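Visitor: I would like to learn how to read a protein model residue by residue. Could you take me through one, giving the general idea before each case?

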Amino acid sequence: MRYFKRFKGEDEVMEITKEQARNTLDGYWNGLDEIFENDKSFRLYTPYSEVWTMTEDGAVTMAGFYGTSGN
């Protein structure tokens, strides 16, 4: 699983580590333990940034959808 982040109002997308993704979302979303322990795909946001995953086969959660996948 690969993790990506973009700050609100910016175009630059950064690849980040799983730990950085977790730290960015911590305090804004419930259920992070389940998401990260089970390697669920997601697209989530904070007031400052958007964080999403890309699976090994290149699948990315649809832009505009926020939440987790059913896997």
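Predicted model: local features only at pLDDT ≥ 70, side-chain atom pairs only at ≥ 80, totals over all residues.

Visitor: Is Arg-43 buried or exposed?

Guide: A residue is called buried under 20% relative accessible area, exposed over 50% and partly exposed in between, with a 1.4 Å probe and protein chains only. Arg-43, which lies in strand S3, has a relative accessible area of 6% and therefore counts as buried. Helices (H or I, at least four residues) and strands (E, at least two) are DSSP runs, numbered from the N terminus.

Visitor: Which residues is Arg-43 in contact with, leaving aside its neighbours within four places in sequence?

Guide: Contact means heavy atoms within 4.5 Å; on that basis, the partners of Arg-43 beyond four places in sequence include Glu-50, Trp-52, Thr-61 and Tyr-66. A polar contact is a pair of N or O atoms within 3.5 Å, where within protein one must be able to donate a hydrogen and the other to accept it, and residues adjacent in sequence count only if both atoms are side-chain atoms. Here a polar atom of the Arg-43 side chain lies 2.7 Å from the backbone oxygen of Thr-61.

Visitor: What is the order of the strands in the sheet?

Guide: Strands of a sheet pair through backbone hydrogen bonds, either parallel or antiparallel. Two strands pair if DSSP finds at least two bridges between them. The open sheet here has 5 strands in the order S2-S1-S4-S3-S5, with antiparallel pairing. S2 and S5 are the edge strands, each pairing on one side only. S1 and S4 are joined over 6 bridges, with Tyr-3 opposite Thr-53 in S4, whereas 3 bridges join S3 to S4, where Leu-44 stands opposite Val-51. S3 and S4 also form a hairpin with 3 residues between them. Strand S3 (residues 42-45) pairs with S5 over 2 bridges, Phe-42 having Thr-68 as its bridge partner in S5.

Visitor: Why is S4 largely enclosed by the rest of the structure?

Guide: S4 is largely enclosed because 5 of its 6 residues are buried. Helix H1 (residues 18-25) lies across S1, S2, S3 and S4, and runs at about 145 degrees to S4; axes are lines fitted to C-alpha atoms, for helices over the stretch in contact, and angles run from 0 to 180 degrees between N-to-C directions.

Visitor: How many aromatic pairs does a search of the whole structure find?

Guide: A pair of aromatic rings is described by the distance of the centres and the angle of the planes. Rings of Phe, Tyr and Trp (its six-membered ring) pair if their centres lie within 6.5 Å, and planes under 30 degrees apart count as stacked, over 60 as edge-to-face and the rest as tilted. The search finds 6 pairs. One of them, Tyr-45 with Tyr-66, is edge-to-face, at 4.9 Å centre to centre and 80 degrees between the planes.

Technical notes. Residues numbered from 1 in each chain as written. Heavy atoms only, no water.
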